[in-house]
Amino acid sequence: MRLGLYIHIPFCSFLCHYCDFAKTANYDSILVQDYFSALLNQFRVLTRHLEQMSGRPVSFSSVYFGGGTPGLFTTEYTSLLNAVYEHLDPGAEITMECNPKNLNQNALDAWKGMGVNRLSIGVQTLHKKGLEILTRDHDASTALRALELAMHAIPSVNMDLIYGWPGQDADDWVSDLHQLVNSGVPHASLYSLTYEDRTPFGRMARRGKVRPAADEALVDRYVAAREILGAAGFEHDEVSNWARSKFTCRHNWLYWDFKHFLGIGAGAHGFLPAGTSAEAMAPDGVDIGMRYSFPRDVRTFLRRAPDSVISESLTSVVRELGGEIDEGRDLDSALIEYVGGALRTRHGIDLSLCEKITGQVFSPRPVVVEALKRGIAWRDGPRLRFDPAEWFRENSWASEVLLSF
Ligand code: SF4
């Protein structure tokens, strides 16, 4: 059974005011040690159970350490990675997320020695005013130095940038994009700033203390990114992700292509085969899988994590480990998930998969037919793809596609 592996490391040395990830800056070495022990236990229990359930060995094609700030740690990963290595495909992609300030030669040497072969660095912007507004703890020169050092050690580097922050104008964004291109990084993840409810930014927006960027401005930023990165030779993989040839992120494609992955750690989500339970099967036997998540709060996560489990079914094992199963998920929601994600990628939507899930033949609605005529969407064997300009309007296209079954 081939899967991806996502490992959440929820510790940060500071908290950014826009961030809605599961994280804490309130920790000590004992908590960290307990956390890594719990991760190892979760990993062992879940892989053993998946092997028993499927009767096949579990192997991982990619491992992604996300956070939080996984780059805060080095030797802490040893036991966990030793266990992971017993299940790793040859040539597996292993990504470590890090921040410019934690990146130094010692950390890079340690990660490289552990087999990390891809880095994702949270730069966010190279503008002083943007870094201040986003409450980041690095400056632009630290970020540029970190990128150079990183690429020297591990050439497959992603740079995260954020657009639409308060006060950012079109020129600020264009200069961030040019600096990204000049830095030589082969992968870019560009996200528009969001104002999530439980963040300080969300509260500020609710009180009118900050005004989110207008939709037109965000579209302009997206268009600028497509133009500048396209001209520099990047391929547009997904609405927020660009890669130079051979540097696409294999782990990301698991999410976009509806492939299974094991998620462990506080706040981690996972998507696993559901086995043969009737409610998880589409009409002609497609397994729509089972989605689950673990508690976001580290201390709750640790309190609920047992040393051993006694259950036999996958859902019960996940629950015993403190996880919550997405019970409301059915064929319709699985289809919405898949279409919404795949539509915004260059692989597009696998219509034959949708037909298997729905048991219905694809019969395009007039507006989809019109899009095909106008060349902003096209059929390619069983795939329906949309022009990248349309990926930004995924919501409206997704409903048209869904109504075509
Ligand atoms: S953006 Fe990254 S560094 Fe900042 S609080 Fe969130 S996880 Fe931590």
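**Chatting through a predicted model**

Me: Where is Tyr195 found?
Reply: Tyr195 sits in the loop between β6 (187-192) and α7 (200-206). Helices (H or I, at least four residues) and strands (E, at least two) are DSSP runs, numbered from the N terminus. Keep in mind that this is a predicted model, where local features need pLDDT of at least 70, side-chain atom pairs count only at pLDDT 80 or more, and totals for chains, interfaces and linings use all residues. Residues are numbered from 1 along each chain as its sequence is written, and side-chain values use heavy atoms, with hydrogens and water left out.

Me: OK, is Tyr195 buried or exposed?
Reply: Tyr195 is buried, with a relative accessible area of 17%. Buried means under 20% relative accessible area, exposed over 50%, and partly exposed in between (1.4 Å probe, protein chains only).

Me: Which residues is Tyr195 in contact with, leaving aside its neighbours within four places in sequence?
Reply: Gly164, Pro166, Phe201, Gly202, Ala205, Val210, Arg211 and Pro212. Contact means heavy atoms within 4.5 Å.

Me: Switching topic: which residues surround the ligand?
Reply: Around the ligand you'll find Cys12, Phe14, Leu15, Cys16, Tyr18, Cys19, Gly67, Gly68, Thr69, Asn99 and Arg136. A residue is near a molecule if one of its heavy atoms lies within 4 Å of it.

Me: And how does that shell split by class?
Reply: The shell has 6 nonpolar, 4 polar and 1 charged residues. Ala, Val, Leu, Ile, Met, Phe, Trp, Tyr, Cys and Pro count as nonpolar, Asp, Glu, Lys and Arg as charged, and the others, Gly among them, as polar.

Me: Now the strands. How many residues of β1 are buried?
Reply: 7 of the 8 residues in β1 (residues 2-9) are buried, so that strand is mostly covered.

Me: What joins β1 to β2?
Reply: 8 bridges join β1 to β2 (residues 59-67), and the two run parallel. Two strands pair if DSSP finds at least two bridges between them. Within this pair, Ile7 stands opposite Phe65 in β2.

Me: What order do the strands take in the open sheet with β13?
Reply: That sheet has 3 strands in the order β13-β15-β14, with antiparallel pairing. β13 (349-350) and β14 (377-380) stand at the edges, each with a single partner strand, so one side of each is left without a neighbour in the sheet.

Me: How many bridges link β13 and β15?
Reply: β13 and β15 (residues 383-386) pair over 2 bridges, in the antiparallel sense. Asp350 stands opposite Arg383 in β15.
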